[in-house]
Amino acid sequence: MNYKETLFFIGKCLTINHEKHNYKIVENDLKSNQIDWDAVVKISTAHYVFPALYCNLKRANFLNYLPDDLVDYMKHITDLNRERNQQIIAQAKEINELLLKNNITPIFLKGTGNLLEGLYEDVAERMVGDIDFIVSNEEFDKTIKCIENYGYSKVHQTKYDFPQFKHYPRLQKTGKTAAIEIHKELLLEKFADEFNYDIVRKDSQKINGFSVMSFENQLSLSIIAKQINDDGFYYKTIALRNAYDVFLLSKRCDAKNAFYQFDKLKTPLNCFLASCFFVFNNPTSLEYNKTDETKTYLKHFEQLLSNKKQAQKKFKKTSTKLFLSKRLNIIYKSIFDKAHRKWLIKRITDKEWQQQKLIQLGLKKTKPNV
C-alpha cells in the first residue's frame, strides 16, 4: 500500500460506523488480508487518529481481522489516551469553575471543547494537546491574572515574548496534565474580522455545564485550525484528526452551508470540506459546494498524494515562501507597531540568539564536549 492508498483506507475506517458503503468496502479489504499494517500504524499515528481508528474498528467488530499483537498495542495506546483525556476533562472543569466564580465565561475550543460536549462516543478517540478557550478582549487580562494566581506559569520562560495576536503564551501547572491557551482571537489578523469572539459568542451553547461554540462554528474552526492557522490551504494537505472532527460535526449540522456568512474564508474552508469528502469516500453529510476553486484544489491535492517527490518539492517551496512572507510581515509591523518593534530590537540585539542562529546556519561551530 502506498501513502495515498493507506490514507484513504484509514479515512474509510474512521467512517464505518456511520457510512454503510464504507463498512462493506473496509470489511472486504480486511478479508483480503492485504493491508499493510505497518503503514497504517505509521500514518494514523502521524495524523493523531490512531485511537480513533481502534475505536471505530472495535465498534464495527472488525478487530478479529487484525494481528493480535497490533490489537493489544492499539488497546494499550487507546487506554492511555482515555485516561489522559479524563484528566483533561477534570482539569477543564476546574478551570471553568474558577473563571465562572470570577464572572468570566470561557468558551472551550477545539479538541477539549469536543470532549466536554460529548462529540465522541468514546473520549479516548481524540488526541488532545492543550486546553484551549476564548474570552472577550475586555476579560483577557483579567483571565490571565486569574489563571496565573491559581498557580499556572508560562511553559517557556523566555526573556521576551513575541507579540501574540491570537492567544497568550501557553501556561502550565505542576501536577496538571495539559497546558492551557487563553485566546482572545481565533484566527490570524487577516481573517479575524470574519470569525472572532463576538461572532461565536452570539450562538454559543451550554452543554454539560460548559460553554462551547455552535456546531457550525465548531466545524468551521476545525477546518480553520488546519487550513488557515497551519497554512494547510497553501500546502494542500489534509490532517485526519481535523477531518474526523469535521465528519462527526457534519452529523450535527449542515456542513455544506456552514460557511455561507464568510467572504475571505469561504473558499479555503470549502476546499478542505471537499478534500474530506474525497478522502472519506463521499459521505453525504460532507457534500460541498462545487466550484472552479474546489475542482482545481482537489486536482492538486490528489496529484500531491500520488507523487511523493512532487509533494516534497511543493512542501519545501511553500515553506520557504511562507517563511519569508512571515518574516517580512514582522519587519513591516515593527515600523508601525511599538510592541513588534520592541520585540524585534530585543531579538536582534540578543547575542545568545545570534550565536544560536549562526550555529543553525552552519556559520559557527559548537564547542566540543570535553
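Ala311 is found in helix 14 (residues 308–336); helices here are DSSP runs of H or I, at least four residues, and strands are E runs of at least two, numbered from the N terminus. The model is predicted: local features need pLDDT of at least 70, side-chain atom pairs pLDDT 80 or more, while totals for chains, interfaces and linings use all residues. Residues are numbered from 1 along each chain, and side-chain values use heavy atoms, without hydrogens and water.

Student: Why is Ala311 called partly exposed?
Tutor: Its relative accessibility is 23%. Buried means under 20%, exposed over 50%, partly exposed in between (1.4 Å probe, protein chains only). So Ala311 counts as partly exposed.

Student: Why is helix 9 called roughly perpendicular to helix 12?
Tutor: Helix 9 (residues 215–227) and helix 12 (residues 266–279) pack at about 95 degrees, axes 10 Å apart. Axes are lines fitted to C-alpha atoms over the stretch in contact, and angles run from 0 to 180 degrees between N-to-C directions. Roughly perpendicular covers 65 to 115 degrees. Therefore the term applies to helix 9 and helix 12.

Student: Which residues of helix 9 make the contact?
Tutor: Ser220, Ile223, Ile224, Lys226 and Gln227. Contact means heavy atoms within 4.5 Å.

Student: What makes the span of helix 7 close to the expected one?
Tutor: Helix 7 (residues 137–149) has 13 residues and reaches 19 Å from first C-alpha to last. The expected span is 1.5 Å times one less than the number of residues.

Student: Which residues of helix 7 are buried?
Tutor: Glu139, Phe140, Thr143, Ile144, Cys146 and Ile147.

Technical notes. Parallel < 35°, antiparallel > 145°, perpendicular 65-115°, else oblique.
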